[in-house]
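Open the structure in your viewer and keep the selection tool at hand. We will go from stop to stop, and at each one you will be told what to select.

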Amino acid sequence: MKRFGILNSHISKVLADLGHTDYIVIADAGLPIPDGVKKIDLAVKTGMPSFIDVVNAVDEDMVIEKVIIASEIERNPEHANYLKGKFADKEIEHVSHEEFKQLTKQAKAVIRTGEITPYANCILQSGVFF
């Protein structure tokens with residue numbers, strides 16, 4: 001049994017398999033997940049687990065070099081401000097929500113949360129620790 005870090009075996013495996021510049025998505029409950037992209041569904045009920053809880057957990061276990069968010073997240077100031085603060089030391093790229101959905105097709109996995117606020121989604125681009 002793991003001593004610390006992500007306990008969910010599906011997330012843990014995806015993170016261990018990531019290469020430099022690979023994408024994973026952390027999504028609200030409503031983001032469409034493209035056919036052929038692995039879906040890790042954590043949603044239990046509305047709001048559980050939250051987008052922020054999942055981002056915090058993944059950030060502890062993943063080398064992140066860049067974050068991609070939809071520009072429309074500005075309509076959700078709580079999550080927009082959270083991401084700007086959380087990843088202040090990383091490159092944050094803004095794209096349209098439509099472009100964001102297209103980029104999810106390149107993801108190794110989409111982690112679906114129970115979040116039900118608009119545009120609470122991000123793409124995390126893997127970095128390297130060396």
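Start with the largest pocket. Select Leu15, Ala16, Leu18, Val63 and Ser126, which lie nearest its centre among the 15 lining residues. Bear in mind that this is a predicted model. The pocket holds about 240 Å³ of space. How is such a space found? Rolling a probe the size of a water molecule over the atoms shows where empty space is left. Which element gives the largest share of the lining? Select residues 9-17: this is helix 1, and three of the lining residues come from it. Now colour the lining by class. Eight residues are nonpolar, five are polar and two are charged.

Next, select helix 2, residues 51-61. Which of its residues are buried? Pick out Phe51, Ile52, Val54, Val55 and Val58. Turn the view until you look down the axis of helix 2. Its buried residues fall within an arc of 160 degrees, so they line one face of the helix. Now show what covers these buried residues. The cover includes helix 1, strand 1 (23-27), helix 3, strand 5 (109-112) and strand 6.

Move on to helix 3, residues 77-86. Highlight His79, Ala80, Tyr82 and Leu83, which are buried. Look down the axis again. The buried residues of helix 3 fall within an arc of 165 degrees, so they too line one face of the helix. Go back to the buried residues of helix 3 and show their cover. Helix 2, strand 3 (64-70), strand 4 (91-95) and strand 6 (122-126) are among the elements that cover them.

Now for the aromatic rings. A pair of aromatic rings is described by the distance of the centres and the angle of the planes. The count here comes to one aromatic pair. Select Phe129 and Phe130. Their ring centres are 5.8 Å apart and their planes stand at 90 degrees, so the pair is edge-to-face. Are these two residues buried or exposed? Phe129 has 76% relative accessibility, above the 50% cut-off, so it counts as exposed. Phe130 is exposed as well, with a relative accessible area of 78%.

Head for the loop between strand 2 (38-41) and helix 2, and select Lys45. Lys45 is exposed, at a relative accessible area of 54%. The peptide bond from Met48 to Pro49 is cis, with omega near -10 degrees.

Select Asp35, in the loop between strand 1 and strand 2. Asp35 counts as exposed, at 79% relative accessibility.

Last stop: backbone angles. Most residues other than glycine have a negative phi, and most peptide bonds are trans. Select Thr21, in the loop between helix 1 and strand 1. Thr21 is not a glycine, but its phi is positive, about 80 degrees. At 40% relative accessibility, Thr21 counts as partly exposed. Finish at Tyr119, in the loop between strand 5 and strand 6. The phi of Tyr119 is positive too, near 65 degrees.

Notes. Residues numbered from 1 in each chain as written. Predicted model: local features only at pLDDT ≥ 70, side-chain atom pairs only at ≥ 80, totals over all residues. Heavy atoms only, no water. 1 Å grid on protein atoms, 1.4 Å probe; cavity = no way out; pocket = protein on both sides within 12 Å on 5 of 7 lines; lining within 4 Å. Points joined across faces, edges and corners; volume = space filled by probe spheres on them. Helix = DSSP H or I, 4+ residues; strand = E, 2+ residues; numbered from the N terminus. Nonpolar A, V, L, I, M, F, W, Y, C, P; charged D, E, K, R; others polar. Buried < 20%, exposed > 50% of the residue type's maximum accessible area, 1.4 Å probe, protein only. Arc of directions from axis to C-beta. Contact = heavy atoms within 4.5 Å. Phe/Tyr/Trp six-rings, centres within 6.5 Å; stacked < 30°, edge-to-face > 60°.
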